[in-house]
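Trainee: Please take a close look at a single part of this model. I would like one connected account of a core residue and the strands around that part of the chain.

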Amino acid sequence: MHNVELILPKNENLIKEAVTVLGGNVVPLKIASHRNSKVENITNMKHKLLVEEAVAALNDEPVNSQPSGAYLIDFDTIYSDSISGQGKRRWYFFQLAERKKITLYMSPTSDTTVDNDLILYKLDTATGALTELARSQNGPATYELLSYVGESGVYLFCVAAYAGDTANEFSFMARLSEKWDAREGDDSIYQAQEQFIGTIVKHTIDNSIDQDVSFFKITNAGIYSLMLMNVPPECNYQLQLLDSNANLIGSVAKNTTSTVRLNAGGYILRLLSSDGTFDVDAEVGVMVAAVPDNATGYQVWNTEDGTHCIEIICVPITGATNKYRYNVRIDGKMLDYQHCAVETVKATANTQSKCSMNTSLDTNAIGVAVGQYSGHKNTLLLSMDNAIYAESHSMKSYNFSDVSSASHISSGTDQYGMGYYIGNWSCVEQLPNMNLILDMDTMKEIDFRNPNWFYGNASLAGYKVCGSPKSANFIFNNKIGIFEGI
Ligand SMILES: [Ca+2]
Ligand SMILES: [Ca+2]
């Protein structure tokens with residue numbers, strides 16, 4: 001069994017780097033003037049705020065220790081503020097004119113006794129009631145991140161001191177995205193949706209600090225493959241694997257697959273940009289696939305452009321000794337190569353050639369290669385131990401000698417009264433080592449070879465007229481699997 005080791009990332013706290021990439025300077029909160037200039041625009045909220053502000057003033061805490069004293073903040077601006085004492089909160093607010101994706105980020109002090117959380121609420125401007133929408137509760141001295149797709153309205157959020165008795169400074173930022181994927185908001189573990197085993201989930205990274213968090217459940221310990229597909233060359237995305245306590249286990253580089261042995265339990269997946277590069281329109285694929293328990297061999301790789309993942313799974317054939325079936329999965333789906341059929345046809349005014357290949361229930365794949373073939377970018381060449389090969393040719397000629405080798409000859413007269421002959425050649429054979437060529441972009445069989453995949457085989461059908469082989473080439477990439485010995 002050959003397993004690829006998961007690569008541990010150099011820096012766990014990648015999002016801090018991402019914020020640095022943003023180039024924002026930390027802006028201390030501007031107090032009253034900044035807030036009052038805009039807060040009055042919000043209907044109904046003002047009255048509510050004035051009432052609660054009086055309550056806030058009763059203690060020594062700053063005015064934004066209560067929702068009523070929340071500071072209005074601008075987007076894409078990094079602010080700093082301070083907090084001390086478990087249970088204390090610092091409040092901020094903003095207004096959305098239309099539906100947008102909201103991202104909130106908080107960077108803490110490095111003091112490991114301090115643990116601040118981040119919680120987002122929507123304000124009911126008629127009643128003053130706050131409804132919690134999302135929260136981020138990472139551990140001490142760790143950033144907090146959450147996202148939420150919000151309709152127009154007024155949103156409040158707070159930094160909440162969960163642990164730590166000393167005054168500590170934190171910085172934070174809110175930003176909006178114009179486009180986002182269907183699973184947003186999913187930036188914190190509390191918002192994660194399930195990733196089902198064997199299913200590709202599509203994500204986009206819609207800003208430099210977007211994280212797409214999901215979880216999966218393992219009921220049987222075993223080998224699992226984690227795939228990150230379709231990441232554009234200019235984007236450095238990474239798929240991280242965490243245990244159920246959010247400890248990093250390993251990561252998968254873009255457009256690669258890693259295999260790992262996992263015990264039963266819950267796991268967390270976190271997709272992010274490791275250097276802040278992103279493309280909001282690039283849909284990437286994330287998949288977790290299980291390697292069957294009875295597999296005696298397993299190989300996996302991705303196409304060079306990162307759009308497909310090919311797995312070869314060797315399993316014993318039931319009831320047979322030392323005989324194995326080589327199953328092929330493409331993008332998590334089992335390829336039914338025992339029911340493949342492909343036919344090539346070539347016709348001219350006087351000739352017609354048909355060649356076909358059909359696999360059967362006892363056909364077994366014995367080798368595979370990934371490459372390009374005759375205008376098809378991502379093709380799989382599958383070697384079969386046996387398949388049914390058939391070819392038939394017909395030719396019309398005025399010279400009997402052209403068709404004399406045919407297995408069946410008929411004759412006729414054309415419109416000018418000239419006699420002609422039609423020769424037919426055909427054969428059907430079970431052949432070893434036939435190669436099927438499959439287009440993985442369309443998942444369709446496109447051709448075959450061994451024997452020649454377009455004109456047929458003169459020695460089989462006895463046909464001699466149809467010329468030289470078609471000049472189609474299978475260009476082998478660097479991914480070639482020979483199944484024996486894995
Ligand atoms: Ca996303
Ligand atoms: Ca996200």
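Mentor: Val-286 touches Gln-195, Val-201, His-203, Met-227, Leu-228, Leu-239, Leu-269 and Leu-271, leaving aside residues up to four places away in sequence. Keep in mind that the model is predicted. Val-286 also belongs to the largest nonpolar core, which has 59 residues. Along with Leu-228, Val-328, Leu-382 and Leu-436, Val-286 touches the most other members there.

Now the strands. One open sheet has four, in the order β12-β19-β14-β17, with antiparallel pairing. Its edges are β12 (201-203) and β17 (256-262), each pairing on one side only. On average, neighbouring strands in this sheet are turned by 20 degrees against each other, direction ignored. Within it, β14 (residues 222-229) runs antiparallel to β17, and seven bridges join them. Tyr-224 sits opposite Val-260 of β17. As a rule, such pairing in sheets works through backbone hydrogen bonds.

Next, β18, which spans residues 265-273. Seven of its nine residues are buried, so the strand is mostly covered. Strand β13 (residues 211-218) is joined to β18 by eight bridges, and the two run antiparallel. There, Asp-212 faces Leu-271 of β18, and Leu-271 is one of the residues that Val-286 touches. Strand β15 (residues 237-243) also pairs with β18 in the antiparallel sense, over seven bridges. In that pairing, Asp-243 has Tyr-267 of β18 as its bridge partner.

Terms used: Residues are numbered from 1 along each chain as its sequence is written. Chains are lettered from A and ligands numbered from 1 in the order in which they are written. This is a predicted model: local features need pLDDT of at least 70, side-chain atom pairs count only at pLDDT 80 or more; totals for chains, interfaces and linings use all residues. A nonpolar core is a set of buried Ala, Val, Leu, Ile, Met, Phe, Trp, Tyr and Cys residues joined through C-beta atoms within 7 Å. A residue is buried if 20 or more other C-beta atoms lie within 10 Å of its own, exposed if 12 or fewer, and partly exposed in between; C-beta atoms are placed from the backbone. Two residues are in contact if their C-beta atoms, placed from the backbone, lie within 7 Å. Two strands pair if DSSP finds at least two bridges between them. Axes are lines fitted to C-alpha atoms, for helices over the stretch in contact, and angles run from 0 to 180 degrees between N-to-C directions.
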